[in-house]
Amino acid sequence: MLAKSLMTHLLEEESRHYLREMRRALRPGRAAVVTAFLFELFEPAAADGAPVRVAFPFADASGGVRWRSRSRPASAVAYAKPLFVEMVEAAGLHVQWHWPGYYPGTARPTGQDVLLIGH
């Protein structure tokens with residue numbers, strides 16, 4: 001199963017739904033390749049503020065979900081890594097492998113994280 005650039009356009013409840021559907025569709029022992037923008041909740045402060053806030057300036061109440069555009073939140077969505085892992089596990093799946101692709105620190109995200117998520 002491949003979910004390339006899907007989670008980057010879904011807010012939390014929609015992402016949780018799709019993760020549950022992945023679990024339902026995957027046979028035991030199988031995995032999905034998923035991409036997402038993930039960030040650490042407590043990234044080091046930069047001179048111009050926290051880097052993730054530059055690329056994704058708007059957030060939900062917890063700060064765990066951030067987006068680029070106030071008027072179109074689903075245009076680019078980022079998740080705090082601990083929240084995303086919790087969402088994966090709540091769906092009955094687990095992260096088997098994670099390749100970090102988004103490194104906060106620039107005004108533009110440079111690439112999505114790639115995860116292998118298993119049943």
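Helices (H or I, at least four residues) and strands (E, at least two) are taken here as DSSP runs, numbered from the N terminus. The structure is a predicted model, in which local features need pLDDT of at least 70 and side-chain atom pairs count only at pLDDT 80 or more, while totals for chains, interfaces and linings use all residues. Residues are numbered from 1 along each chain as its sequence is written, and side-chain values use heavy atoms, with hydrogens and water left out.

Side chains of opposite charge can pair when their charged atoms come close. Three salt bridges are present in the structure, a salt bridge being a side-chain nitrogen of Lys or Arg within 4 Å of a carboxyl oxygen of Asp or Glu. In one of them, glutamate 21 and arginine 24 meet through their side chains with an N to O distance of 2.8 Å; both residues belong to helix H1, where they are three residues apart, about one turn of the helix. Glutamate 21 is partly exposed, at a relative accessible area of 30%, whereas arginine 24 is exposed, at 62%, where buried means under 20% relative accessible area, exposed over 50% and partly exposed in between (1.4 Å probe, protein chains only).

Salt bridges that share partners join Glu12, Arg16 and Glu86 into one network. Arginine 16 counts as buried, with a relative accessibility of 16%, while glutamate 86 is partly exposed, with a relative accessible area of 35%.

The loop between strand E1 (2-3) and H1 contains threonine 8, which is buried at a relative accessible area of 1%. The side chain of threonine 8 reaches the backbone oxygen of serine 5 at 3.1 Å, and it makes a polar contact with the side chain of histidine 9 at 3.4 Å. A polar contact is a pair of N or O atoms within 3.5 Å; within protein, one must be able to donate a hydrogen and the other to accept it, and residues adjacent in sequence count only if both atoms are side-chain atoms. When neighbours within four places in sequence are left aside, the residues in contact with threonine 8 (heavy atoms within 4.5 Å) include Ala36, Phe37, Val77 and Gln112.

Serine 5 is likewise found in the loop between E1 and H1 and is partly exposed, with a relative accessible area of 27%. Most residues other than glycine have a negative phi. Serine 5, although not a glycine, has a positive phi of about 60°.

In strand E5 (residues 77-80), Val77 and Tyr79 point one way and Ala78 and Ala80 the other way, and all are buried. Strand E5 pairs in the parallel sense with strand E2 (residues 31-39) over three bridges, pairing requiring that DSSP finds at least two bridges between two strands; alanine 80 in E5 is the bridge partner of phenylalanine 39. Strand E4 (residues 65-67) runs antiparallel to E5 and is joined to it by three bridges, with valine 65 standing opposite tyrosine 79 in E5.
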